[in-house]
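Please walk through the model below one interface and one fold element at a time. The text begins with a chain contact and then turns to the fold inside the chains.

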There are 4 protein chains.
Amino acid sequence: VAVAPICVEDFRRLAREKLAPDVWDYIEGGSGGELTVAANRRAFERAELRPRVMVDVSTCPTGTELLGTHLSAPLGVAPTAYHELAHADGEVGTAHGAGTAGVLYVVGMFASRTLEEIAAAATGPLWLQLYWLRRRDVLADLAARAVTAGYRALVLTVDAPRIGRRLRDLRNGFGVDPDVDAANLDADLMATTHRRRTGESAIAVHAAETFDASLTWADLAWLRGLTALPIVLKGILTGEDARRAVDHGVDGLIVSNHGGRQLDPTTPSLHALAEVVAAVDGACPVLVDGGVRGGTDVFTALAVGASTVLIGRPVLWALAHDGGPGVAGLFALLREELEHTMALAGRPRLADIDRAAVRLDRRG
Amino acid sequence: VAVAPICVEDFRRLAREKLAPDVWDYIEGGSGGELTVAANRRAFERAELRPRVMVDVSTCPTGTELLGTHLSAPLGVAPTAYHELAHADGEVGTAHGAGTAGVLYVVGMFASRTLEEIAAAATGPLWLQLYWLRRRDVLADLAARAVTAGYRALVLTVDAPRIGRRLRDLRNGFGVDPDVDAANLDADLMATTHRRRTGESAIAVHAAETFDASLTWADLAWLRGLTALPIVLKGILTGEDARRAVDHGVDGLIVSNHGGRQLDPTTPSLHALAEVVAAVDGACPVLVDGGVRGGTDVFTALAVGASTVLIGRPVLWALAHDGGPGVAGLFALLREELEHTMALAGRPRLADIDRAAVRLDRRG
Amino acid sequence: VAVAPICVEDFRRLAREKLAPDVWDYIEGGSGGELTVAANRRAFERAELRPRVMVDVSTCPTGTELLGTHLSAPLGVAPTAYHELAHADGEVGTAHGAGTAGVLYVVGMFASRTLEEIAAAATGPLWLQLYWLRRRDVLADLAARAVTAGYRALVLTVDAPRIGRRLRDLRNGFGVDPDVDAANLDADLMATTHRRRTGESAIAVHAAETFDASLTWADLAWLRGLTALPIVLKGILTGEDARRAVDHGVDGLIVSNHGGRQLDPTTPSLHALAEVVAAVDGACPVLVDGGVRGGTDVFTALAVGASTVLIGRPVLWALAHDGGPGVAGLFALLREELEHTMALAGRPRLADIDRAAVRLDRRG
Amino acid sequence: VAVAPICVEDFRRLAREKLAPDVWDYIEGGSGGELTVAANRRAFERAELRPRVMVDVSTCPTGTELLGTHLSAPLGVAPTAYHELAHADGEVGTAHGAGTAGVLYVVGMFASRTLEEIAAAATGPLWLQLYWLRRRDVLADLAARAVTAGYRALVLTVDAPRIGRRLRDLRNGFGVDPDVDAANLDADLMATTHRRRTGESAIAVHAAETFDASLTWADLAWLRGLTALPIVLKGILTGEDARRAVDHGVDGLIVSNHGGRQLDPTTPSLHALAEVVAAVDGACPVLVDGGVRGGTDVFTALAVGASTVLIGRPVLWALAHDGGPGVAGLFALLREELEHTMALAGRPRLADIDRAAVRLDRRG
């Protein structure tokens, strides 16, 4: 008889049974030698928690505020593309699941459902992620629709002037299934994303055609001019850039190496988080994604200074496994594991999760 | 023909042949990713002993005193539950074995034999371990019975406001065999421990119902008021908590991560021992358990500052293998290995086992 | 259907299908325990790139100057012997490929085609590599021919007073195929290179007979007196020797451990590069070879201070796979990967690739 | 067809085919978890040589003096017992081989041939190794015979007040073959060495009966009083004991952990060598054994400060493979590899092998 998933890794195994090999590779793979994918995990596995005892942990509430929004836990969905590749409900399922769990959902620009459909399904907070397109009119249109649909922040991905060399996709000649579209963008603009050619990634070809690699800090002012929504930068990995972002008045940062799918090898997200948190010094919230596979990882990231932790691949695993309820179950599990870790670590409130609660580099 | 065990690992192999898979998993498993289980061993395996030569090692006596009690060696049985799961003689067998070997036996609160039966069988010193139950009357009753039965100290486990996520037990739907009871507690109080439900650990369910997660340092006074017995805290992993315990006048500490069965990942016991010993600075005896699998490990822990070293899983292996004589044999082996290590390390007396006798972090 | 190579490792697999086992071993093998071969790779795999974001990377030109010569990228062919062992076109194929790609080609003294044939086929810059022979007249003749044929520098290999103990060659009784000759040297001088004897390497026997192991710094003056060509030393691994070379007025250095084929174990090339760059302090260009297997490795070496990066075994893999076009394809891939890495690392110009762009020793 | 051994490891494979499994285990095994056996090798494998170039290495003589005796290379046979277990020629074969190679031979107290037979066969220098027996008359007799037979030093093993727990021997119930005797000792004294009992090592039983574990520094005077031969202590692993030995006027030290056969885990021999060399500061020669498996290892040990390097197990492998010629071949190979390493490292004389020639702890 089937046992419900009892750890995040269970969702991975369950998803693999559901997904076509090339879609699995698209989700699972990283760029280059996939060294960063491995390093993201290794960084968490090298952390040791330092528990305090005889603290009243009869309740360990996980609720938090992020940019003025309440979350049931410092957790959210990292932006990823084309959820219909994982499940027919696509982003509507994800929105149901995230809403049920009370966590943040950062909707990807290449969502396979419209912003409006997703917003209609959502019962929790939504942010919208954007790549910097050459077609600024398209960005302006998306930002306007996001405001109308009730999205609460814009996330600008800054680590992707082009798509990383994802060898699995190149070998598979990966293209997006013709039945799955980037529902928020013109079919014309997206045509190449469906192309299947040996040795080529349709995703990468499309980005080369449409992304604007000339983005600089000076361009932020234009984005800021579009809406009053908070602007969050995703893909910061150094203290230097974190300080620069703060100087430019961004409302938040997401430390990310794009799940090891862009530059490879690069700094694992947990180590970059420590560097960025030190540089930001409280000036704005710092979120993180990459390699989080359980509540102890969430706890670790919080101890290092993250405000909220975003989950990427596991959301797609959970969606593939069981649609919206799968996503809700994933976040329920992560929240439960976080609460459990808080209890065993003697940190009953999020504010108790201090830097002394974790040692990042175990001995040996 | 059968060869008697010549190293602790031999007991493991012998036990595995005797135990049902779910009981084996219950004993062997850790929580989470079992990273702490592995780290406990790795810490000992990364130690190097620094021998002195041309020291008279014709005799290497291992006898010691602990809280006023003589032990044949600085060794003891760490508290574990339900010894009848391992062998029909249960804790009576363990008491026989520990007594024969002349080592300390810390009886678990969830012993499958009564404190009085165990005391009747014992020829060596006994301590009683307690979890902090909501039912303080039950604790008071156990403490009173312990005094009457001649137990010499109370050990309060402080790392278990709830049970760790032991995935093996969750997958097995582990519940305690109906024929095995926590003999010192009301059947009513223990009913859920026998429940077998897929995806659930009966042990964890029971603890959630009955353990009091609100325990704080202020509560120690109540326990102290029950008896004049020494009070020892088990489950301290940080220097901060060790100092706090000393400030609260505890009589001893047991450095432990519960054999990797509670918070995971956390500090390996050997490294935590070094931190705690430094913090305690001689104010009270410091014991340790977790990952000790031979006499050189015992020697290493003593060099780092342990007063006595407790043995967990190997006692259950020995008990499963051959009952009380198995336990006696295990401790005879450990004592012999310790004495052997003292001779080869040029430390003929326990007092000679100084910090310079071990290097904790080998190169490479 | 065949997929074109999408990473350097693909060329390796393709080459293995083409080459006889003893030739494969000759190319692939290192000396001793092949610890240096492994260390060369490990050093690159332990590097982490530190990307900057929101930099205009719409173009990332890779063109550079090296000793007055333009290169399409800071890349070149490391000197290796007997390219006809890999492909019938031999060095003529390599010259075609390197020329097509616009990279440097350091022709090996033991080329299987004449310097003049190679020069005739080349459309890019050529350097000539020399071992220090007892027959100085032969060296003088080669230097004179190199000048006439338009070679632009002499590279003196200084790490080979004798040939390393390459156990694969000894086991194979390796000798050069009788159909393949060192086309620039007298057949008499090379006779032993074709000898096949169990337990013996013909290459090593020949070197023992003909190389002059008495070479010292004082001998450089003689070489300098032969031509006005720049002189570059190959095989420097320490800061001490790098400073000494600068004091002797050399025009360039190639940090190299001969691809792990000479002394074993020794410093991996990337770590030696850092030491040499610091010692040279800008006095002359520093090149490097050894373990470079992709554009991120090239980027890493540039960040550490290399002027140009030479490629050894992969050129032979590419040549074996597809002759000159294979070599051109290899360098096109490396250049593309370098340009890609520059874009994702936010360093659009070679001059932007600073030391802060890489962390050499990852944590864990 | 058979290929002659081209590296030390080849001798291992060849020997294994010749030896009975229990004899193989006796030779190959270490004590405890065999962690020290592994650590001895790992220490050498983590060293990196730092070569200098453009040094005249046309000749690299390896001849040296040790305590007034000329050796063809700084190499020797470490003392081991019962060479007839490996080959019918026993120590006579070893003496032939060592003599042919011109290296030191430290004859073991438990040689299976008489001191006089061995001396008659030897053409190179001999030392005699002794354990500290309760029967001092036996020691005195052996010392007197050694003087008469022309042995040039006494080596007192100080790391064996008892025999390490060698689990392989215990499992095999190992006893010395009845046809093989300790030829220099009374049969009565050695009777238990032939006993085969499951779970017991005859070697260990015998040592427990006959070795004097009360040896202290004060006892050295008695040994000194027996002869005018130099006295060398074998089994020193710490700077503390090295200084103490120097204070007691010993003529030499052998850094050794008994090939990982006594205390386990302990400091690998190479790391202990560095510590001892620093402590001795030139006051007497320091030799080393343990984990040396090639000429680069010998070079490394010399760079760290060893005067001469002793070889244990490989001598028995070579003897098992081919008797005296095997031993001669082993040392010829090691000498050739050392000379080769000197050439490639740019250290043509032993005196050039300075501490800067090696980095002990590679990065990563």
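The contact between chain B and chain A draws on 40 residues of chain B and 32 residues of chain A, where contact means heavy atoms within 4.5 Å. The model is predicted, so local features need pLDDT of at least 70 and side-chain atom pairs count only at pLDDT 80 or more, while totals for chains, interfaces and linings use all residues. Residues are numbered from 1 along each chain as its sequence is written, chains are lettered from A and ligands numbered from 1 in the order in which they are written, and side-chain values use heavy atoms, with hydrogens and water left out.

Together chain B and chain A bury about 3,200 Å², with 57% of it on carbon and sulfur atoms; buried area is the accessible area (1.4 Å probe) that two parts lose on being put together, summed over both. On the chain B side, the residues that lose the most area to chain A are B:Arg162, B:Arg165 and B:Leu263, which together account for 22% of what that side buries.

Nine salt bridges are found across the interface of chain B and chain A, a salt bridge being a side-chain nitrogen of Lys or Arg within 4 Å of a carboxyl oxygen of Asp or Glu. One of them joins the side chains of B:Glu240 and A:Arg50 at 2.9 Å, N to O. Between chain B and chain A there are also 15 residue pairs in polar contact, both residues at pLDDT 80 or more. A polar contact is a pair of N or O atoms within 3.5 Å; within protein, one must be able to donate a hydrogen and the other to accept it, and residues adjacent in sequence count only if both atoms are side-chain atoms.

Several elements of chain B each supply at least two residues of the side that touches chain A, among them helix H3 (35–45), helix H7 (167–172) and helix H11 (239–247). Helices (H or I, at least four residues) and strands (E, at least two) are DSSP runs, numbered from the N terminus. By residue class, this side of chain B divides into 17 nonpolar, twelve polar and eleven charged residues. Here Ala, Val, Leu, Ile, Met, Phe, Trp, Tyr, Cys and Pro count as nonpolar, Asp, Glu, Lys and Arg as charged, and the others, Gly among them, as polar.

Chain B also meets chain D. This contact takes 32 residues from chain B and 40 residues from chain D, and the area buried is about 3,200 Å², of which carbon and sulfur atoms give 57%. The count of salt bridges between chain B and chain D is nine; among them, the side chains of B:Arg50 and D:Glu275 meet at 2.5 Å, N to O. Helix H1 (8–18), strand S1 (48–49) and helix H14 (313–345) of chain B each supply at least two residues of the side that touches chain D. The largest share of that side, nine residues, comes from H14(B). Its residues divide into 14 nonpolar, five polar and 13 charged.

Which chains do not touch? No contact joins chain B and chain C, whose closest C-alpha atoms lie 12 Å apart. Strand S9 (residues 252–255) and strand S10 (residues 286–289) of chain A pair in the parallel sense over three bridges, and A:Val255 stands opposite A:Val288 in S10(A).

Chain B has a closed barrel of eight strands in the order S4-S5-S6-S7-S8-S9-S10-S11, with parallel pairing. Four bridges join S8(B) to S9(B), and B:Leu233 stands opposite B:Leu253 in S9(B).

Some backbone details remain. Most residues other than glycine have a negative phi, and most peptide bonds are trans. The peptide bond from B:Asp264 to B:Pro265 is cis, with omega near 0°, and B:Pro265 is found in the loop between strand S9 (252–255) and H12 of chain B. The bond from D:Asp264 to D:Pro265 is cis, with omega near 0°. A:Asp281 has a positive phi of about 55° although it is not a glycine; A:Asp281 lies in the loop between H12 and S10 of chain A.

Note on methods
Pairing = 2+ DSSP bridges.
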